[in-house]
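Subject: Structure for you to look through

Hello,

Here is the structure I promised to pass on, together with some notes on what was found in it. Please keep the view open while you read, and look up each residue as it comes.

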Amino acid sequence: MFNPSRDQARDFFFETWRKYRAQQALAGLETVALQVILAHPEYQAALDDPERHRERNYSPELGEPNPFLHMSMHLAIEEQLSIDQPPGIRAAVETLARKRGSMHDARHDVMECLAEVLWQAQRNAAGFDNAAYLDCVKRKGG
């Protein structure tokens with residue numbers, strides 16, 4: 001299982017953005033990451049300045065969203081959709097996207113569900129609850 005460190009994950013986004021800006025070829029997950037980056041122009045300035053943002057700690061309590069966490073969650077959702085894992089997630093997200101009128105907005109709704117289920121798993125020292133996750137996404141699309 002791929003489990004990058006915080007620095008490795010951030011470097012992946014920095015390097016993807018650097019390669020795109022230098023008009024170099026992207027491969028594999030970089031192409032998906034680029035689509036996420038392009039959908040979030042508010043994060044591009046941070047990607048332009050790795051030295052300043054590589055070690056930065058973000059404080060959600062102070063209203064500082066973590067762009068790297070946000071983009072990483074987008075990548076996780078894209079992977080889930082590509083393999084339909086948990087089973088039924090793809091159909092649930094497609095339903096949600098039709099309701100919202102935007103695939104990107106639907107993915108942000110899914111991200112809320114993902115974050116909640118991850119938080120519950122961590123809080124309860126339990127495994128990830130696929131059923132609760134899928135149910136949350138279905139409720140948002142219902």
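**Cores, helices and loops**

V137 touches I89, A92, V93, L96, V110 and C113, where touching means heavy atoms within 4.5 Å, and residues up to four places away in sequence are not counted. Before going further, please note that this is a predicted model, in which local features need pLDDT of at least 70 and side-chain atom pairs count only at pLDDT 80 or more, while totals for chains, interfaces and linings use all residues. Residues are numbered from 1 along each chain as its sequence is written, and side-chain values use heavy atoms, with hydrogens and water left out.

V137 is also one of the residues with the most contacts inside the largest nonpolar core, which has 18 residues. Such a core is a set of buried Ala, Val, Leu, Ile, Met, Phe, Trp, Tyr and Cys residues joined through side-chain atoms within 4.5 Å; buried means under 20% relative accessible area, exposed over 50%, and partly exposed in between, with a 1.4 Å probe and protein chains only. At least two residues of this core come from each of helix 5 (67-83), helix 6 (89-100), helix 7 (103-123) and helix 8 (130-141), helices being DSSP runs of H or I with at least four residues, numbered from the N terminus. Helix 7 gives the largest share, 6 residues. There is also a second, separate core of 13 residues, and F13, F14, I37 and Y43 are among them.

Helix 1 (residues 6-21) packs against helix 2 (residues 29-38) at an angle of about 85 degrees, and their axes are 10 Å apart. The axes are lines fitted to C-alpha atoms over the stretch in contact, and angles run from 0 to 180 degrees between N-to-C directions. The two helices are therefore roughly perpendicular, a word that covers angles of 65 to 115 degrees. In this contact, residues of helix 1 including F12, F13 and W17 meet residues of helix 2 including A33, L34 and I37. The buried residues of helix 1 include A9, R10 and F14.

Two loops deserve a look as well. Q23, in the loop between helix 1 and helix 2, has a positive phi of about 60 degrees although it is not a glycine, and Q23 is exposed, with a relative accessible area of 76%. D84 lies in the loop between helix 5 and helix 6, and its phi is positive too, about 50 degrees. P86 is found in that loop, and a cis peptide bond joins Q85 and P86, with omega about 0 degrees.

Best wishes

How values were computed. Parallel < 35°, antiparallel > 145°, perpendicular 65-115°, else oblique.
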